[in-house]
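Hi,

Here is the structure I promised to pass on. Have a look at it first, and then read my notes below.

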Amino acid sequence: MLPKNRRIARKDFTNILSNGRKYNSPILLLNIAKIGKSGLNSQFSFSVSKKVSKSAVVRNKLRRRGYSVIENNIKNIKPEQFLFFSYKKGGEKAKYKELESDIIGLLEKSFMLK
């Protein structure tokens, strides 16, 4: 799990969702917004709706998998960005490797990799 200072606070979600840029993939939707202050590390969040899975166990597993992929690639991600990932319906069936390639693909598409 990522440390708390690398996760997005609830107060920032409205700014990210209204002012952020959006990128799509088959499994995830990525919203990116710039952090107002300079010199800060990027912050991340994963959201799994009840529409994706009714089971809290499955939703938490998906969130943990997402954080795990980010944690393994965090040194390659540009600083000073909010990155909010939201799972799409059908994303619960994805294997870890598919999820990893999907997240890396979204980061490449959005030019967030160094």
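How many salt bridges does the structure hold? There are two of them, and I come back to both below. Keep in mind that this is a predicted model, and everything here is computed from it.

First, the overall picture. The protein has three helices and four strands, and if you walk from the N terminus the order is α-β-β-β-α-β-α. With a radius of gyration of 13 Å, close to the 13 Å that the globule rule gives for 114 residues, the protein is as compact as a globular protein of that length. If you want a box to draw around the C-alpha atoms, roughly 40 × 25 × 25 Å along the principal axes will do. Of the 114 residues, 43% are buried. Among contacts with a separation of 6 or more, 80% are between residues 24 or more positions apart.

One pairs Glu80 with Lys34, with 3.4 Å between the closest N and O atoms. Glu80 sits in the loop between α2 (56–73) and β4 (81–87), while Lys34 belongs to strand β2 (residues 28–34), so this pair ties together parts that are 46 residues apart in sequence. Lys34 is exposed, at 54% relative accessible area. Glu80 has something else to show: its phi is positive, about 65°, although Glu80 is not a glycine.

The other salt bridge joins the side chains of Glu100 and Lys97, at 3.6 Å from N to O. Here both partners lie in helix α3 (residues 96–109), three residues apart, or about one turn of the helix. Lys97 counts as exposed too, with a relative accessibility of 62%.

Which charged residue is buried yet has no salt bridge? That is Arg59, and you will find Arg59 in helix α2. The nearest side chain of opposite charge is Glu92, 11 Å away, whereas a salt bridge needs nitrogen and oxygen within 4 Å. Leaving out residues up to four places away in sequence, Arg59 touches Val48, Ser49, Lys50, Ser53 and Lys54.

Finally, a look at the two end segments. Met1 lies in the segment before α1 (13–19) and counts as exposed at 59% relative accessibility. Even so, Met1 touches Tyr67 and Glu71, not counting residues up to four places away in sequence. Met1 and Phe44 are 43 residues apart in sequence, and their C-alpha atoms are 11 Å apart in space.

In the segment after α3 you will come across Phe111. Phe111 is another residue other than glycine with a positive phi, near 60°, and Phe111 counts as exposed, with 62% relative accessibility.

If you open the model, I would start with the Glu80 and Lys34 pair, then turn to Arg59 in helix α2.

Cheers

Note on methods. Residues numbered from 1 in each chain as written. Predicted model: local features only at pLDDT ≥ 70, side-chain atom pairs only at ≥ 80, totals over all residues. Heavy atoms only, no water. Helix = DSSP H or I, 4+ residues; strand = E, 2+ residues; numbered from the N terminus. Rg over C-alpha atoms; globule rule 2.2 N^0.38 Å. Buried < 20%, exposed > 50% of the residue type's maximum accessible area, 1.4 Å probe, protein only. Contact = heavy atoms within 4.5 Å. Lys, Arg positive; Asp, Glu negative; His and termini not counted.
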